[in-house]
Protein chains: 2
Amino acid sequence: MSVLVVGSIAIDSVETPYGKRKKVLGGSAVYFSVSASFFTTVYPVGVVGTDFPRTYISLLGQRGIDVNGIEIARGKTFRWAGKYGYDLNQAQTISTALNCFRDFSPKLRPEHRRLPYVFLANIDPNLQLMVLKKVAAPRFVACDSMNYWIQHERKALARLLKRVDVFILNDAEARLFSGESNLIKAAKYIFSLGPERVIIKRGDGGSLFVTSGQGCFIAPAYLMEEIKDPTGAGDSFAGGFMGFVSKTGDLSERGLRKAVIYGTVMASFCVQDFGPDNLLKIKPRDVTRRLGDYRRITCF
Amino acid sequence: MSVLVVGSIAIDSVETPYGKRKKVLGGSAVYFSVSASFFTTVYPVGVVGTDFPRTYISLLGQRGIDVNGIEIARGKTFRWAGKYGYDLNQAQTISTALNCFRDFSPKLRPEHRRLPYVFLANIDPNLQLMVLKKVAAPRFVACDSMNYWIQHERKALARLLKRVDVFILNDAEARLFSGESNLIKAAKYIFSLGPERVIIKRGDGGSLFVTSGQGCFIAPAYLMEEIKDPTGAGDSFAGGFMGFVSKTGDLSERGLRKAVIYGTVMASFCVQDFGPDNLLKIKPRDVTRRLGDYRRITCF
């Protein structure tokens with residue numbers, strides 16, 4: 001089965017202790033789509049400006065991603081410039097130019113409305129909710145968010161969460177949203193708002209998958225010696241997770257845990273090079289191989 | 001087989017967001033001993049002052065810990081007072097009074113010199129080395145250290161590491177010592193100094209066990225909703241690890257990974273109450289049960 005993702009499509013400039021890249025393909029919907037494309041057909045919905053390189057759209061199309069939901073609007077594409085120090089878990093935004101993304105109003109085509117799996121990447125929760133309402137019969141819905149929406153659109157976010165199956169957010173966001181420093185307590189707070197499952201991402205500390213009434217699953221990150229750029233790791237995680245879920249349709253605890261591991265593996269590929277370069281380079285057999293490596297470094 | 005530990009024995013005062021305790025039993029040798037006593041006979045070597053409550057020594061003795069290596073010196077016992085905020089990974093020292101621990105010169109009895117398993121808790125590396133030289137035929141040696149010794153006794157620490165099988169330290173110490181922000185690179189630096197194995201503790205981020213030429217093993221922490229006091233978690237980890245190793249004698253990768261898990265489990269019991277209270281309360285069946293829970297929260 002296929003998956004719908006609504007989110008940003010961007011042109012990024014990134015600097016890390018390991019190098020510097022200008023005008024690379026970026027945005028949550030892009031990382032998610034490329035990652036999920038290893039498992040399923042992905043339908044991204046997003047907007048770019050007239051400056052957006054056509055080659056980037058072709059790159060996505062070549063991966064079997066349905067690019068018909070990428071709207072080309074007047075003006076420039078959303079641009080983000082950021083920098084990371086040696087603590088790669090912490091991005092410092094240098095500049096953000098929303099450009100045509102400022103007035104983004106997701107346009108769903110008839111085929112989008114019939115999709116069973118939905119990922120609402122980090123955009124205004126009012127838009128996330130609007131999109132979700134247009135999907136006829138979503139089987140499994142995940143969403144992301146960020147500190148800005150938690151602080152400024154809390155009510156909209158709460159309305160959205162009532163309809164979401166799994167809320168994917170990072171540890172700082174979970175603490176901010178719940179007012180709890182303990183992550184299991186933070187997850188329980190989120191359960192009280194609707195979602196039955198929470199995934200709390202902890203950067204290189206891995207992730208925590210908590211299911212209401214079922215306890216938690218802890219998935220360490222796949223640690224590596226060479227990490228070049230952490231941008232997009234979270235969305236690549238979500239792409240691996242939702243991609244695997246939409247491939248198998250298995251919503252059991254066991255199935256979802258396996259999906260968390262695939263998310264972890266896809267995030268590990270993402271951070272190995274700048275932008276989505278490595279995700280665009282690897283083959284399905286690399287994913288299988290790394291899953292084996294991951295088992296080896298976590299089994300006892 | 002039995003295990004020797006040399007380290008501090010202290011009287012602690014601790015404050016965390018979950019409460020406050022004065023004059024509780026503390027010190028690295030204590031946490032290590034109580035934790036390891038679930039698996040083996042432990043021989044702590046340390047010093048206390050004449051003010052040290054005899055009941056504390058009885059408590060240890062009742063657990064089968066050989067208390068003959070606890071020297072009672074003139075003056076007061078080492079005292080530490082500390083505080084934790086909501087980030088329980090970060091202790092803030094309020095006061096340290098070394099007292100009789102200042103002139104600590106570990107005295108090994110004949111039975112200590114014959115012990116095969118040795119844990120050198122965090123003390124001056126010159127003393128750690130002196131102790132180790134007195135042990136006739138150590139089969140497996142682990143040591144801990146801290147930022148102070150890394151900065152001020154680096155050469156002594158390097159001399160010690162030549163004779164150590166596993167260096168157990170936390171992530172900040174590993175980064176400081178190696179000058180590498182990446183933890184796998186930090187472990188490789190440590191390999192270059194002698195030890196074939198490194199355990200990097202990451203607080204509630206779990207631990208990383210790296211074996212030279214064999215790659216790494218990642219053990220997430222056992223996350224819990226209620227954590228009262230993280231003091232002693234690292235030494236309880238080391239106690240579970242070395243206790244299990246000395247019980248099984250299994251130095252294979254598989255055996256040591258299992259020991260890391262027992263370390264993780266013992267640390268999780270430690271943090272559930274102030275001081276070593278919970279470690280002193282639990283039964284062997286609680287350890288077995290939690291190992292099962294740990295498998296459940298990490299398996300996929």
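Biologist: What rotation and what shift along its axis superpose chain B on chain A?

Modeller: The rotation is 180°, with 0.0 Å of shift along the axis, and the RMSD is 0.0 Å. The model is predicted.

Biologist: What makes the two copies related as by a two-fold rotation axis?

Modeller: Two copies of a chain are related by a rotation about an axis and a shift along it. Here the rotation is 180° and the shift is 0.0 Å. The two copies are thus related as by a two-fold axis.

Biologist: Which C-alpha of chain B is nearest the axis?

Modeller: That of B:Gly205, 2.7 Å from the axis.

Biologist: How do you know that the same surface serves both copies?

Modeller: Of the contact residues of chain B, 100% recur in chain A.

Biologist: How many residues does the contact take from each chain?

Modeller: It takes 23 residues from chain B and 23 residues from chain A. On the chain B side, helix H8 (183–191), S13, helix H10 (253–270) and helix H12 (284–298) each supply at least two residues. S13(B) gives the most, with four residues. By class, this side of chain B has 12 nonpolar, six polar and five charged residues.

Biologist: Stay with S13(B). What makes S12(B) its pairing partner?

Modeller: Strands pair if they share at least two bridges. Five bridges join S12(B), residues 207–211, to S13(B), residues 215–219. The two strands run antiparallel. B:Phe209 stands opposite B:Phe217 in S13(B).

Biologist: Which residue takes a positive phi in the hairpin of S12(B) and S13(B)?

Modeller: B:Gly213, with phi near 75°. The hairpin has three residues between the strands.

Biologist: Why are H4(B) and H6(B) called roughly parallel?

Modeller: H4(B), residues 125–134, and H6(B), residues 154–161, pack at about 25°. Angles under 35 degrees count as roughly parallel. H4(B) and H6(B) are therefore roughly parallel to each other. Their axes are 8 Å apart. The crossing is left-handed.

Biologist: What does the contact of H4(B) with H6(B) consist of?

Modeller: B:Pro125, B:Asn126, B:Gln128 and B:Leu129 in H4(B) meet B:Ala156, B:Leu157, B:Arg159 and B:Leu160 in H6(B). By class, five are nonpolar, two polar and one charged.

Biologist: Over to the sheets of chain A. What makes S3(A) and S7(A) edge strands of the four-stranded sheet?

Modeller: The order of this open sheet is S3-S2-S6-S7, with mixed pairing. S3(A), 19–26, and S7(A), 91–97, each have a single partner strand, so one side of each is left without a neighbour in the sheet. Neighbouring strands are turned by 15° against each other on average.

Biologist: How do you know that S6(A) and S7(A) pair?

Modeller: At least two bridges are needed. S6(A), residues 78–84, and S7(A) have six, in the antiparallel sense. A:Lys83 stands opposite A:Gln92 in S7(A).

Biologist: What is the strand order of the nine-stranded sheet, and which strands are its edges?

Modeller: This open sheet of chain A runs S5-S4-S1-S8-S9-S10-S11-S12-S13, with mixed pairing. The edge strands are S5(A), 70–72, and S13(A), 215–219, as each pairs on one side only. The twist averages 15° from one strand to the next.

Biologist: What makes S1(A) and S8(A) a pair, and in which sense?

Modeller: Four bridges, against a requirement of at least two. S1(A), residues 3–6, and S8(A), residues 117–120, pair in the parallel sense. The bridge partner of A:Val6 in S8(A) is A:Leu120.

Biologist: Which helix packs on this sheet, and which strands does it touch?

Modeller: Helix H10 of chain A, residues 253–270. H10(A) touches S11(A), S12(A) and S13(A). Its direction makes about 160° with that of S12(A).

Notes:
Residues numbered from 1 in each chain as written. Chains lettered and ligands numbered in written order. Predicted model: local features only at pLDDT ≥ 70, side-chain atom pairs only at ≥ 80, totals over all residues. Least-squares fit on C-alpha atoms with pLDDT ≥ 70 in both. Contact = placed C-beta atoms within 7 Å. Nonpolar A, V, L, I, M, F, W, Y, C, P; charged D, E, K, R; others polar. Axes fitted to C-alpha atoms, helices over the stretch in contact; angles between N-to-C directions. Parallel < 35°, antiparallel > 145°, perpendicular 65-115°, else oblique. Left-handed = near helix turned anticlockwise from the far one by under 90°.
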